[in-house]
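Morning, everyone. Please have the sequence and the model open while I talk.

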Amino acid sequence: MSFRGRRPSLNINSPGEDASQRYWDSFSRRQTICYMGNVDLDGVEDVFEEDEDGPPPIKLGICAMAKKTKSKPMGEIIQRMLLFGFVKIEIFDENQILNDPVEEWPLCDVLISFHSKGFPLEKAIEYAKMRNCICINDLEKQWDIQDRVKVYQTLKEAGIETPRYIVCDRSDCENLPEFEEHDDYIEINGEVFQKPFVEKPVSAENHRINIYYPSSAGGGHQKLFRKVLNRSSEYCTDSAVRKEGSYIYEDFMPTDGTDVKVYTVGPDYAHAEARKSPALDGKVERDKEGKEIRYPVILSAKEKAIARQVCLAFKQTVCGFDLLRANGKSYVCDVNGFSFVKTSQKYYDDCAKMLGNIILREKAPDWLNIPRGLHPELPEIVQAGMTPSASTMLELRCVVAVIRHGDRTPKQKMKMEVSHPEFFNIFKKYNGPTLGKIKLKKPKELQQILDVARTLLSELQSGEHTEPIKEKMTKLEQLKVVLEMYGHFSGINRKIQLKSLGKKQPGALQLILKWGGELTPAGKVQAEQLGRAFRCMYPGGQGDYAGFPGCGLLRLHSTYRHDLKIYASDEGRVQMTAAAFAKGLLALEGELAPILVQMVKSANTNGLLDNESDELHKYSGEVKKRLHDMLRSTDTPSTDEFINRMIPTNSISMKNSLSKIPENPLAWLHKLHGLVENLIVYIEELSEEHETSGEKLKLYQNEDISLMLERWRKLQRDFKHHKTGEFDVSKIPDIYDSIKYDAQHNTCLKSPIIDELYETSKIVADIVIPQEYGIEEDEKLNISHGYCVPLLRKILADLRANIDNPEEQLTKLDPSFVSNVLSPGRHVRTRLYFTSESHIHSLLTLIRYGGLCNVDDDQWQRALDYISRVSELNYMTQIVIMLYEDPTKPADSDERYHIELHFSPGAKSHKDDANFPAGGGFRPVSKPNSRDEVERYHQLISTEVKRVKKLRSQSFSRDTRSLSNSPQLLVSPPRTEECSPTDPSIEVRLPERGLESRSRDLCGSPTFPTEPEAKIDANERNTASDEELADIPNEKVRRFLKTSKKYKSAPHPSSNEEQTKASPIHRRTAGLGLFSSKGANQQISRSISNDENFQFHFVSSNLERVAPLRRRAISLSRQSHSVRDPFASQAVEGYNRVPNIRPLETLHNSLSLQQFTTFSEKILKMEGLSSQVPEERERFISENCSSDANSTLQNAS
């Protein structure tokens, strides 16, 4: 197949700038013919006039398999290259390539040839040597590209960084490598690779790559393969590596779920695209044409140098390779050889120009002054979107959230003395005599202890034992039962500590068994639902697209305008919470192990979320001792003296709890102990009853009733000393956690003792838990300073990253290659920190008592009052900081950056708390400040309403439903051209989305106002005058701006009753809240089931344009108490009774970045317990907090 373009009329005997310019002008004019790939190749020959004068055309041969030469990218580039009048293109026929000798192949001057499956590379090499043609891609080097070992060797010789790797070559049976496999690592020829690691076949033609995960992440491995339909990988529970064949093993690089593909066209041109990593959840995101969705991203200067090095080292002009961005560096992990970008029109233009340059430079260097590189001008529409200063609205720049882990099992501990030689053998094996104590967490280590326990129990039962057994049988049985739980060792849910008892008992060891505290299935659901709801915080997050909520964030993330990093402490429950949250936030699928390893960074290496020094522990112990003394008092709790001594901070919630204690604290502790004893008796009777009937009692997470009974017996023994009768107040939080767990999950316990014990323990726990972190204000600040200094420093660096480090290396969208992204210049930074209760209490304490706002700030005083009324920071508590930029303000102005502070107390308990405070709602003040934007917003809303009304009329009746029974999203656009944008005469109600709506009660979403606002004084009105609005042509927009009122913070009602009276229609829930009426839910469900083709569409479909504008018209009213989940009765086994999470409350919506910076720096300069942090760790923190790009944090294994 031959194509020939006609030469332009150029004087080739007079080379120079004029000739070169005329040539490129000619090319540009002709290029318009093939724009968007609509050129018919057969018609190109007739476009230009024949010119018989001049030298013969350059013959370009394309020798590859038909699947490649007939692909769309190749066709696009051939069309463009035909516009070079000096090139004649010859595409070799596949049958000719496979069956004919090379002597019969067409002649050519320049050859583009590349290997793919079935291609005879040796024949192509023979042809190139025989015809002495110029090869665009070196053919000999393509043999090396098919061998991953040679690829890595070439990269190493070129000085290009790769992940640390080793080759396990089993091709020579007489010289096999030394290979050892262990639970969490492998050892090859003395070199150790800890999980997670990657296993690649040596042959690059074999795409079956495995990634192995550590047991702390759940174990198993991810199988990667060539894309099949919409899958590119799958998770398997097997953790054993492959034993047959040769493989390369390399360190796994955490890339935050993103892969970067780089495409070169010569050493001076590189184009990069990013996609979702196939190792994340294995789902391939495709466009409407079935192509994998990728977006162009910007390469750093160093990465461009890497692209040049790869191109030159492998002698491949057109070359693709994989780039991993991890730990602030870029690594090359694979070189693919000849590769084209699939769907970029601009890339096709650039590629054709570059190949034309290269061909003419090689074959006709004296004809023209050919430029080596390209300097493309950005399209005008893209430039406008890129310039932040051109924006006229507040832009979200950063979201920082500190979140407590989800629902967990009660933490438990058992101590026993062991003296059998087998225990001492294990102690010596792990260097116990030198260290004094050892910790056993790995499956192999725990299995050794279990084997010893089984052996000793068997010998005790049979009475046959060679060595005397001093261990108690009951303790050995409990040890065996705990270690046999779940049927396997997986994750961080059990650990054993063996300690030497020293000279006191030289022949014995202390064995401490810890278990529990792992995330429950309900906790995973909580975290995933909160992740889905968290999308609503972002531009476009309040809408619905293709049945998918919060697609604004998903599009922002998928187009690489969202920089997301997730940190978690090294506790298993915290890391799994972070992984489940990421799954919901990014709409991922599959198991949590791949998500945990890819997306969650362990912060234990720098004390960021695990900072507790010995000095801090000692200081906290002294505070707890004072607290214990006061709670063992016989004083009357109603006296002012006792209240002031017990609660010097005047916490309203603690005073409310203290007021419920009628006599004295000591009497209340006796009551609590008595209830625990009664519960133990009830469980014993229940156990005997089921043992007699032969029916096994089914407890949550398959907990054995004997373990449950022992759990409560141990709490009873530890709470009250059996000899002295003194109470250990530190066990009150454990009692509360345990009864909260049983009341929530073990519903088979139907005794009224459960509720009474829950209420009794909660009253005293609400006093004890907050004051374990300090009783007086200075103690609270001192302890909080010890916990939170590293975290606060990191948060401040996150918020100031746009100012202090604007050139930070990130995976960012390249706006010069996109035309389907409305705001390519938008970029949001998100940092999520998952931690335990101690850091949540400490950070909130710093915010409350650290002097963030002045005492005359009314909004802040309302916030402090609300926090003071919150009795518990439950699972999934959130502290959220959002940073906005106003590009219209001067760069050095304090008004340039605006901070909003939000807070949620986390999950509700199994029983509604009637006294829980009603906050002011979620009230972001960010709004547009351009009249043009308001007008555009109004036009979009008007169009959207017509479409929504039409959908509604097709599927739902027009009967008016009670707002109190079915909370829905309400929009109030104009009915006719004469209506104001805020005309309340029309309501468009959209149905709830069913099961997806379960997450909507978590964080609160906006609704549009449907009733007129209350009248305000004329002096308080802040509206535009007629003179100011004279230049607005649209009457509707003029009326809207004329009637707009000054923003005021939502009122802070003192009770639920006042809150209900505040609105004539009562307080509606958030626009995407749960149904409060089972009947309404069933009615809508029937409507949906009757129309299978019905699709839900919330206002508005054009999310990215409307979201920032929408805030002007948002009414942020929301329901104070979210209703019971209507789907709870349909929940599957293991996920029953998942409590809702309380919505976010705005603490302050008008802070400046400078104000927060001053507050943080003041806290950081305080002399507190954090000064005891070791010097090397403090240095590590200071070096790594300024930029995530330089962070060396990696997943704990």
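One definition before we start: helices (H or I, at least four residues) and strands (E, at least two) are DSSP runs, numbered from the N terminus. This is a predicted model, where local features need pLDDT of at least 70, side-chain atom pairs count only at pLDDT 80 or more, and totals for chains, interfaces and linings use all residues. Residues are numbered from 1 along each chain as its sequence is written, and side-chain values use heavy atoms, with hydrogens and water left out.

Let's begin with Ala 582. Is Ala 582 buried or exposed? Buried means under 20% relative accessible area, exposed means over 50%, and partly exposed is in between, using a 1.4 Å probe and protein chains only. Ala 582 has 0% relative accessibility, so it counts as buried. Which residues does Ala 582 touch, leaving aside neighbours within four places in sequence? Contact here means heavy atoms within 4.5 Å. The partners are Ile 566, Leu 588 and Ile 595. Lys 565 is 17 residues from Ala 582 along the chain, and their C-alpha atoms are 9.9 Å apart.

Next, Ala 568. Look in strand β27, residues 562-568. Ala 568 is also at 0% relative accessibility, so it is buried. Now find Ser 602. Along the chain, Ala 568 and Ser 602 are 34 residues apart, yet 5.2 Å separates their C-alpha atoms.

On to Arg 535. This one sits in a loop, between α15 (521-534) and β25 (544-545). Its relative accessible area is 2%, so Arg 535 is buried. A polar atom of the Arg 535 side chain lies 3.1 Å from the backbone oxygen of Leu 585.

Now cysteines. A disulfide is a covalent bond between the sulfur atoms of two cysteines. The rule used here asks for a pair of cysteine sulfur atoms within 2.5 Å. How many disulfides does this rule give? The count is 0. Two cysteines to look at: Cys 173 is exposed, because its relative accessible area is 65%. Cys 333 is buried, because its relative accessibility is 10%.

Last topic: helix packing. Two packed helices are described by the angle between their axes and the distance between the axes. Axes are lines fitted to C-alpha atoms, for helices over the stretch in contact, and angles run from 0 to 180 degrees between N-to-C directions. Under 35 degrees is roughly parallel, over 145 roughly antiparallel, 65 to 115 roughly perpendicular, and the rest oblique.

Start with α24 (residues 732-745) and α25 (residues 752-771). Their axes come within 9 Å and cross at roughly 140°. That angle makes α24 oblique to α25. The contact includes Tyr 736 and Ile 739 of α24, with Leu 757 and Tyr 758 among the residues of α25.

Helix α25 also packs with α22 (residues 665-693), at about 150° with axes 10 Å apart. So α22 is roughly antiparallel to α25. Among the contact residues are Trp 668 and Tyr 682 of α22, and Leu 757 and Thr 760 of α25.

One more pair: α26 (residues 777-799) and α35 (residues 1153-1165). The angle is about 150°, and the axes are 10 Å apart. That makes α26 roughly antiparallel to α35. His 785 and Arg 793 of α26 are among the contact residues, as are Phe 1156 and Glu 1161 of α35.

Conventions: A polar contact is a pair of N or O atoms within 3.5 Å; within protein, one must be able to donate a hydrogen and the other to accept it, and residues adjacent in sequence count only if both atoms are side-chain atoms.
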